[in-house]
Amino acid sequence: MTRVLITGGAGFLGSHVAAALVARPDIDLVVAGDVRVPEHPIEHVVYDQCDVTRAESVGPVLERHDIDVVVHLAAIVNPGRDHDMERLVDVEGTRHVLEACVEHGVRRIVVSSSGAAYGYHPDNPEWLRESDPVRGNDEFPYSKHKRLVEQLLGGYREAHPELEQVVFRIGTILGPTVRNQITALWDGPRILAIRGSESPFVFVWVDDVAGAMARAATDGPAGIYNVAGDGRVTVHELSRRLGKPTITVPPALLAGALRVGRALRLTVHGPEQVGFLRYRPVLANDALKADFGYTPAKTSAEAFEAYLETHPGVSRV
């Protein structure tokens, strides 16, 4: 019987993972560790204070509940202006969790990484696989931090092989309450397109991510896996499905406008967002299905359809 701690357990993804874990008969205890208790606690989930930015916060939770598996989800998913805080949570927080896991004899850690770890590069292959290099982007803090986290995890795999790792590089998560910088692209009357780029997206429905996490915390094999639905959806396909026209902008013009907008504090985004839109990392999920043994129920296109069903008013069709 497995006893699991979920860092960031009160958040959007953490709540879905907690619900998936408590439904399994091979789970003895689910502890949601976070700096807050959610408005709607999940029955049979134990909530405990856990601040990953403080090295001394994680160990006592592991010891108090005799944890043997950690699902590490604590991260800042909507980055803004405070990059120091983002690094403290994402990178140093992961370091603190890994240190505590080794100290307290945790046997496995499951980590939510991101397709952003590969980086947004013009020479990315059409489909990224787990053997492709994790390069990140220094000009894009979220991507840089994910690269640093993966480097940290690699060091621990060598130094502490007794701590099994399951690392999920996740595509764009969609769900019934999702609102972020990606979904904001679809809210206006027109859809932004970058001249010369199809800006392909790979989506995954939140329940599919939670299902993969639950398998990783129990009987799934260790390793590194991309997590995404089958297929991809381009910006023009999104536009047609939304019933909204595209506005196509040259990359240099958009970069200049974002540079000025950030200087005037009209937006937190800068010219690096052009690369974010032009060179989307497109994740192949072959290893997830063949090696890890998990097939998402929804394709990328079906995840987008489910998003539209739960967000009426976004589409004009």
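User: How many residues of the lining of the largest cavity are nonpolar, polar and charged?

Analyst: This is a predicted model, in which local features need pLDDT of at least 70, side-chain atom pairs count only at pLDDT 80 or more, and totals for chains, interfaces and linings use all residues. Residues are numbered from 1 along each chain as its sequence is written, and side-chain values use heavy atoms, without hydrogens and water. The lining consists of Leu185, Trp186, Ile191, Leu192, Ser199, Phe201, Val235, Leu238 and Leu277. With Ala, Val, Leu, Ile, Met, Phe, Trp, Tyr, Cys and Pro taken as nonpolar, Asp, Glu, Lys and Arg as charged, and the others, Gly among them, as polar, the division is 8 nonpolar, 1 polar and no charged.

User: What space lies in the largest cavity?

Analyst: On a 1 Å grid over the protein atoms alone, a cavity is a set of points where a 1.4 Å probe fits but cannot get out, a pocket is an open set with protein on both sides within 12 Å along at least five of seven lines, and lining residues have an atom within 4 Å of a point. Points are joined across faces, edges and corners, and the volume is the space filled by probe spheres set on them. The structure holds 2 cavities of 30 Å³ or more. For the largest of them, the value is about 60 Å³.

User: Which strand and which helix each supply at least two residues of the lining of the largest cavity?

Analyst: Helices (H or I, at least four residues) and strands (E, at least two) are DSSP runs, numbered from the N terminus. Two such elements pass the threshold of at least two lining residues: strand E8 (191–194) and helix H6 (235–242).

User: How many charged residues has the lining of the second largest cavity?

Analyst: This cavity holds about 50 Å³ of space, and helix H3 (83–103), strand E5 (108–114) and helix H4 (141–159) each supply at least two residues of its lining. The lining residues are His72, Leu73, Ala74, Ala75, Asp90, Thr94, Val111, Ser112, Lys146 and Val149. By class, 5 are nonpolar and 3 are polar, and the number charged is 2.

User: Which residues of the lining of the largest pocket lie nearest its centre?

Analyst: The largest pocket has a volume of about 1000 Å³. Helix H1 (12–22), strand E2 (27–34), E5, H4 and strand E7 (172–174) are the elements that give two or more residues to its lining. By class, that lining has 22 nonpolar, 16 polar and 6 charged residues. Of the 44 lining residues, those nearest the centre are Ala75, Val77, Asn78, Tyr142 and Ile173.

User: Which element gives the most to the lining of the second largest pocket?

Analyst: About 190 Å³ of space lies in this pocket, and its lining includes Gln181, Leu185, His269 and Gln273. The elements giving two or more residues are helix H7 (251–263) and helix H8 (272–278). With 4 residues, the element that gives the most is H8.

User: How many residues of the contact of H3 with H4 are charged?

Analyst: Contact means heavy atoms within 4.5 Å. The contact includes His83, Glu86, Arg87 and Asp90 of H3 and Pro141, His145 and Leu148 of H4. The residues divide into 9 nonpolar and 3 polar, and the charged count is 5.

User: Is the crossing of H2 and H3 left-handed or right-handed?

Analyst: The axes of H2 and H3 come within 9 Å and cross at roughly 40°, and the two helices are therefore oblique to each other. A crossing is left-handed if the near helix is turned anticlockwise from the far one by less than a right angle, and right-handed if clockwise. By that rule the crossing of H2 and H3 is right-handed.

Terms used
Axes are lines fitted to C-alpha atoms, for helices over the stretch in contact, and angles run from 0 to 180 degrees between N-to-C directions. Angles under 35 degrees count as roughly parallel, over 145 as roughly antiparallel, 65 to 115 as roughly perpendicular and the rest as oblique.
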